[in-house]
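Trainee: Please walk me through this one, and start with the words I will need.

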Amino acid sequence: MPYESDPITAKLNGWVAGQELYYDLGSFEYMNAAEKALIGTWELVNEVYNGGFMQYFHNSSREHAKPMIVVLRSFEATEAAEILETATALAGPGTPLGDEPGYLNALKMAPDEIKEQLSELESKLYNDLDNVHLHLFQYLKTRRDEIEAPEDFWTETT
């Protein structure tokens, strides 16, 4: 199912956007596990969806890249965790491309082979998004006391 039309994705995105939870990303390290999973996944997916891994690594989201690998594994989004881990090793923080001061400079200096590998990883992530969001929603349901949402939010949409 395409990213924009998946009902669980729409529910999660709607909640993050409607509550403006993305404003809390600056305090990511102080969030509880459920908040990190919800908001960190929202950030990862939207940054990569809008501009690829290079955008994700060159915006403030780069600070969450390595912790997000652990977060994704915590709610059994193992394929997404492996994709992010591989992308981070290729072009993320701690690499020459990831430490390049600007997004455009990093894109310009990235070898074609790296660009192709990142593009393949982005496609793999897009293909796994329904799975990621389903696992995330199921995880959040077990921790609903950590997320302020109305009772009808927890009703699964098919």
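Mentor: Residue classes come first: Ala, Val, Leu, Ile, Met, Phe, Trp, Tyr, Cys and Pro count as nonpolar, Asp, Glu, Lys and Arg as charged, and the others, Gly among them, as polar. This is a predicted model, where local features need pLDDT of at least 70, side-chain atom pairs count only at pLDDT 80 or more, and totals for chains, interfaces and linings use all residues. Residues are numbered from 1 along each chain as its sequence is written, and side-chain values use heavy atoms, with hydrogens and water left out.

Trainee: Which residues line the largest pocket?

Mentor: Its lining consists of Trp15, Gln19, Leu21, Asp24, Ser27, Met31, Glu35, Ile39, Glu146, Ile147 and Glu148. By class, that lining has 5 nonpolar, 2 polar and 4 charged residues. On a 1 Å grid over the protein atoms alone, a pocket is an open set of points where a 1.4 Å probe fits, with protein on both sides within 12 Å along at least five of seven lines, and lining residues have an atom within 4 Å of a point.

Trainee: What volume does the largest pocket have?

Mentor: About 180 Å³. The volume is the space filled by probe spheres set on the grid points, which are joined across faces, edges and corners.

Trainee: Switching to helices: at what angle do α1 and α2 cross?

Mentor: Helix α1 (residues 7-18) and helix α2 (residues 33-58) cross at roughly 105°, and their axes come within 11 Å. The two are therefore roughly perpendicular (65 to 115 degrees) to each other. Helices are DSSP runs of H or I, at least four residues, numbered from the N terminus. Axes are lines fitted to C-alpha atoms over the stretch in contact, with angles from 0 to 180 degrees between N-to-C directions.

Trainee: Which residues meet there?

Mentor: From α1, Leu12, Asn13, Trp15 and Val16 meet Leu38, Trp42 and Asn46 of α2. This contact has 5 nonpolar, 2 polar and no charged residues.

Trainee: What does Trp42 touch?

Mentor: Trp42 touches Asn13, Val16, Tyr22 and Leu25, not counting residues up to four places away in sequence; contact means heavy atoms within 4.5 Å.

Trainee: Where is Thr88, then?

Mentor: Thr88 lies in helix α4 (residues 78-91) and is buried, with a relative accessible area of 5%. Leaving aside neighbours within four places in sequence, Thr88 is in contact with Phe57, Ala65, Lys66, Ile69, Pro93 and Thr95.

Trainee: What phi does Glu76 have?

Mentor: Glu76 has a positive phi of about 65° although it is not a glycine. Most residues other than glycine have a negative phi. Glu76 sits in the loop between α3 (65-74) and α4, and at 55% relative accessibility it counts as exposed.

Trainee: Last one: which residues does Tyr126 touch?

Mentor: Tyr126, in helix α6 (residues 112-142), touches Val48 and Tyr49, not counting residues up to four places away in sequence. Tyr126 is partly exposed, with a relative accessible area of 32%.

Key: Angles under 35 degrees count as roughly parallel, over 145 as roughly antiparallel, 65 to 115 as roughly perpendicular and the rest as oblique. Buried means under 20% relative accessible area, exposed over 50%, partly exposed in between (1.4 Å probe, protein chains only).
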